[in-house]
Amino acid sequence: MPNLPVYLDNSATTPVDPRVVEKMLPWLTNRFGNPASSSHAFGREARAAVEAARGQVAQLVNAGAQEIIWTSGATESNNLALKGAAYANAARGRHLVSVQTEHHAVLDTLHELEKNGFAVTLLAPAENGLLDPARFEAALRADTTLASVMMVNNEIGVIQDIAAIGAICRARGILLHVDAAQATGKVAIDVKSLPVDLMSLTAHKTYGPKGIGALYVRKGTPAPAPQMHGGGHERGLRSGTLATHQIVGMGECFRIAGAEMAAEVPRLRGLRDKLRHGLAALDCVRINGDMERRIANNLNISVMLPDCEQMISMLTDVAVSSASACMGGGTSHVLQALHGGKSAPNALRITVGRFNTGEEIDFALDYLTRKISECQARKPAAASV
Ligand SMILES: *Cc1c(COP(=O)(O)O)cnc(C)c1O
C-alpha cells in the first residue's frame, strides 16, 4: 500500500528533486552574497553561480546564455514578454493574436493590454485542442505585431505545432512568444531551429523550486519594455536582486531534465498509459484532447455521469486536479474551448511525475475505477449525458 494520498498532480507543481535542494542550500547560508556585489568574493562567487545556472537553463532549450533573463516564474515571464513586446512594438501596430486555451497568465495579460488600446484575437482550437496553422495565419493582420501560442497545454497536455506557427510569423515579421512552462523535460526544445522570439520558462513544473523562472529573448529581438524598474539588473529588462539559491535550483533541475529526459519520458508514458487504458475501459469515461501530439505524463478525462460531481470533488486518496490548479476548481476554459463553449462536466486531470511508482499507479487506477463505478451504480438510469 503506497503512502496516501498519491500525488498525481505534477502539472500543478512538482516536488523539488533532492539533488536540487542539495545544490541550493549553500547559497542560503554561508554563500549568501549578492550577485551584484562585484567588489568582494561573496558577491563574485554568487555571480559565478548565477551565470553557471544561466548556462544550464540555456542549454536545455539550446539557447545562448545571454538570451536568458531571470524572472520569478512563468507568470512574470508571460507578463514581461507580452506587455514588454506589445509596448516596444506599438508604433508598428496594436493587434495581438493568441489562443483561447492559453494559461490565464497569458489570457489575463492580453486582456489588460486590451484595456490599454490593443486589439486581441483569441483563436479557438480544434476539438482535439490543437491550433490549425492555417486558421492562425488567417487571423493575422497588417497591424499584428505579436502572437502568443503555448507549447504544451497545462490541462490537456497537447503539443502545438510551434514550428509551423513560427514559420508563419517569421514570414510576416510578427514576433512569436511561446509559454513553455509545461514543456521543459517533457519535449525536446531547440530555439536554434524553432522560429520563436520569446519563451517563458519556470522551475517548479520541472522538479525545481517555486518562485523562479526565466524569459528567453532571442538575440536581435527588439528588447521588451521592462515591467519591473529599479537597479537595472538583467540588462535593465528585469530589476531586482537575483535570488541566487532559486537560480541555482533552476539551473540544476533543468540540467537533470536534459540529462534524464530520454529515460524518464518513456517511463512516464508507461505509467500514464496504464491509467489511460484502465480508465478508458469504463464506458462513462471520455478522453479530452489529442492523444498523439501530447506529452507523456498527462491524462485528462471526463466522467460522463451527471451526478458524480460530489465524487470528483471528494477523491481523498489520490491528488488529481478537477480543472487546472490555478482555477481553484472552477469550470475549465480549456475544455470549454474544445467543446464550442459548452462546459465539460466532471473533468479530471491526472499527471504522473518523476517520483510516482508503479505501485502508486496500480493503487490509483483501482481507486478511481472503484469510485467511478460506485457513482455509476448509484444512478443506473443516467449512465451517460
Ligand atoms: C504553471 C504555468 C504558468 C505559471 O507559472 P508560474 O511559474 O507558476 O508563475 C504559466 N503557464 C503555464 C502553461 C503553466 O503551466
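The structure is a predicted model, in which local features need pLDDT of at least 70 and side-chain atom pairs count only at pLDDT 80 or more, while totals for chains, interfaces and linings use all residues. Residues are numbered from 1 along each chain as its sequence is written, and side-chain values use heavy atoms, with hydrogens and water left out.

**Domains and their interface**

The chain is divided into domain 1 (6-14 + 261-377) and domain 2 (18-256), with bounds that come from an automatic or database domain assignment. The table gathers values for this pair of domains.

| Item | Value |
|---|---|
| Separation of the domain centres, over C-alpha atoms | 27 Å |
| Residues of domain 1 in the contact | 32 residues |
| Residues of domain 2 in the contact | 36 residues |
| Area buried between the domains | about 2900 Å² |

Contact here means heavy atoms within 4.5 Å, and buried area is the accessible area (1.4 Å probe) that two parts lose on being put together, summed over both. Of the area buried between domain 1 and domain 2, 56% is on carbon and sulfur atoms.

Across this interface the rule finds 17 residue pairs in polar contact, both residues being at pLDDT 80 or more; such a contact is a pair of N or O atoms within 3.5 Å, where within protein one must be able to donate a hydrogen and the other to accept it, and residues adjacent in sequence count only if both atoms are side-chain atoms. On the side of domain 1 that touches domain 2, helix H7 (244-280), strand E10 (298-303) and helix H9 (333-338) each supply at least two residues, and the largest share, five residues, comes from H9. Helices (H or I, at least four residues) and strands (E, at least two) are DSSP runs, numbered from the N terminus.

**Salt bridges**

Glu-260 forms a salt bridge with Arg-19, their closest N and O atoms being 2.7 Å apart. Glu-260 lies in helix H7 and Arg-19 in helix H1, so this pair ties together parts that are 241 residues apart in sequence.

**Backbone features**

The peptide bond from Leu-4 to Pro-5 is cis, with omega near -5°, and Pro-5 is placed in the segment before strand E1 (6-7). Asn-62, in the loop between H2 and strand E2 (68-71), has a positive phi near 60°.

Conventions. A salt bridge is a side-chain nitrogen of Lys or Arg within 4 Å of a carboxyl oxygen of Asp or Glu.
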